[in-house]
Amino acid sequence: VQLQAYGGGLVQAGGSLRLSCTATGNIVSINIMGWYRQAPGLERELVATITSGGVTHYADSMKGRFTISRDNAKNTVYLQMNSLKPEDTAVYYCYADLNRRHTYTRETYWGQGTQVTVSS
């Protein structure tokens, strides 16, 4: 199983970016997908999560600015980030809580991270 994230980059404050992350491999189903981020010198923090049924959860600082969505058929999760601030600068990691084919075990996988830099 692999998670591949796309869409990071450099943007000015107030701008927008859309991240995407696709899970591939021996997957039966994905329970929860989500995004965390880690800024230099800080711990990794939750950004948002979404269940297979579309129930979402956001960290307070992202509410109203970020929107998480997913395409279950494509095993892909998206993060639309609007009104970006310099403090949103971080490496963004996607993850998937999924059920593996063949072993039928429930496991968590992480993507490689994508850099988001917001200039002031």
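Predicted model: local features only at pLDDT ≥ 70, side-chain atom pairs only at ≥ 80, totals over all residues.
**A chat about contacts, core and bridges**

Biologist: Let's start with Asp97. Which residues is Asp97 in contact with, leaving aside its neighbours within four places in sequence?

Modeller: With those neighbours left aside, Asp97 is in contact with Ile30, Asn31, Ile32, Arg106, Glu107 and Thr108. Contact here means heavy atoms within 4.5 Å. Residues are numbered from 1 along each chain as its sequence is written, and side-chain values use heavy atoms, with hydrogens and water left out.

Biologist: Good to know. And where is Asp97 found?

Modeller: Asp97 is in strand S9, which covers residues 90-100. Strands (E, at least two residues) and helices (H or I, at least four) are DSSP runs, numbered from the N terminus.

Biologist: Is Asp97 buried or exposed?

Modeller: Asp97 counts as buried because its relative accessible area is 12%. The cut-offs are under 20% relative accessible area for buried, over 50% for exposed, and partly exposed in between, using a 1.4 Å probe and protein chains only.

Biologist: Which side chain does the side chain of Asp97 make a polar contact with?

Modeller: The partner is the side chain of Arg106, at 2.8 Å. A polar contact is a pair of N or O atoms within 3.5 Å; within protein, one must be able to donate a hydrogen and the other to accept it, and residues adjacent in sequence count only if both atoms are side-chain atoms.

Biologist: Changing topic: which cysteines form a disulfide?

Modeller: Cys21 and Cys94 do, with their sulfur atoms 2.0 Å apart. The rule asks for a pair of cysteine sulfur atoms within 2.5 Å, and by it the count comes to one disulfide. The link is right-handed, with 50 degrees about the S-S bond. This pair joins distant parts of the chain: Cys21 sits in strand S3 (residues 17-24) and Cys94 in strand S9, 73 residues apart.

Biologist: Why do you call Cys21 buried?

Modeller: Cys21 counts as buried because its relative accessibility is 0%. Cys94 is buried too, at 0% relative accessibility.

Biologist: What about the core? How many residues does the largest nonpolar core have?

Modeller: The largest nonpolar core has 32 residues. Such a core is a set of buried Ala, Val, Leu, Ile, Met, Phe, Trp, Tyr and Cys residues joined through side-chain atoms within 4.5 Å. Trp35, Val47, Phe66, Ile68, Leu79, Met81 and Tyr92 have the most contacts inside this core.

Biologist: And which element gives the most to this core?

Modeller: That is S9, with five residues. Other elements that give two or more residues include strand S1 (2-6), strand S4 (27-38) and strand S11 (114-119). In soluble globular proteins, nonpolar side chains tend to be buried together.

Biologist: Now the charges. How many salt bridges are there?

Modeller: The count comes to six salt bridges. Each is a side-chain nitrogen of Lys or Arg within 4 Å of a carboxyl oxygen of Asp or Glu.

Biologist: Which residues are linked in a network of salt bridges?

Modeller: Arg37, Glu45, Arg65 and Asp88 are linked that way. Arg37 meets Glu45 at 2.7 Å, N to O. Arg37 also forms a salt bridge with Asp88, where the closest N and O atoms are 2.9 Å apart. Arg37 lies in strand S4 and Asp88 in the loop between S8 and S9, so this pair ties together parts 51 residues apart in sequence. Arg65 bridges to Asp88 as well, the closest N and O atoms being 2.8 Å apart.

Biologist: Asp88 again! Is Asp88 buried or exposed?

Modeller: Asp88 is buried, at 1% relative accessibility. Arg37 is buried at 7% and Arg65 at 11%, whereas Glu45 is partly exposed, at 36%.

Biologist: Last one: what is the phi of His102?

Modeller: His102 has a positive phi of about 75 degrees although it is not a glycine. His102 sits in the loop between S9 and strand S10 (106-110), and it is exposed, with a relative accessible area of 61%. Asn75, in the loop between S7 and S8, has a positive phi of about 50 degrees and is not a glycine either.
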